[in-house]
Amino acid sequence: MPIEYWLVFSSLLFAIGAYGVLSRKNAIVVLMSIEIMLNAANINLVAFSSYHTALHGVPDASGQVFALFSIAVAAAEVAVGLAIILSVYRGYQTIDVDKINILRW
């Protein structure tokens, strides 16, 4: 499969995630949109790694390794993000990002 298909798919996925981050007010939806953007980057990493392997004939797993590292970072980011959202919800009784306008409570 040509790499252009993966790049277009990744771009669409990233655009959907960016739209979710910029347009939604729910903190959980914003967090899920960030995950979509990270997955779009992972698709790019794996696609370019596969393309490099197909082009040069030498197996290159660096894209897969970077994708695994990115998935691990994303899992940690979700854990921290959900903890912050729960803490904010306890203080404000809302997770609307527009209503949270100060950094201390």
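Mentor: Let's begin with D98, which is partly exposed, with a relative accessible area of 47%; here buried means under 20%, exposed over 50%, and partly exposed in between (1.4 Å probe, protein chains only). Please keep in mind that this is a predicted model, in which local features need pLDDT of at least 70 and side-chain atom pairs count only at pLDDT 80 or more, while totals for chains, interfaces and linings use all residues. Residues are numbered from 1 along each chain as its sequence is written, and side-chain values use heavy atoms, leaving out hydrogens and water.

The partner of D98 is K25: their side chains form a salt bridge at 2.5 Å, N to O. The term requires a side-chain nitrogen of Lys or Arg within 4 Å of a carboxyl oxygen of Asp or Glu. D98 sits in the segment after α3 (62-92), and K25 in the loop between α1 (3-23) and α2 (27-56), so the pair ties together parts that are 73 residues apart in sequence. Those helices are DSSP runs of H or I with at least four residues, strands are E runs of at least two, and both are numbered from the N terminus. K25 is also partly exposed, at 44% relative accessible area. The structure holds one salt bridge.

The axes of α1 and α2 come within 8 Å and cross at roughly 165 degrees; axes are lines fitted to C-alpha atoms, for helices over the stretch in contact, with angles from 0 to 180 degrees between N-to-C directions. The two are therefore roughly antiparallel, a label for angles over 145 degrees, where under 35 is roughly parallel, 65 to 115 roughly perpendicular and the rest oblique. Nonpolar covers Ala, Val, Leu, Ile, Met, Phe, Trp, Tyr, Cys and Pro; charged covers Asp, Glu, Lys and Arg; the others, Gly among them, are polar.

Next comes α3, the helix ahead of D98's segment. α2 and α3 pack at about 175 degrees, with their axes 8 Å apart, and are therefore roughly antiparallel too. Their contact divides into 14 nonpolar, seven polar and two charged residues.
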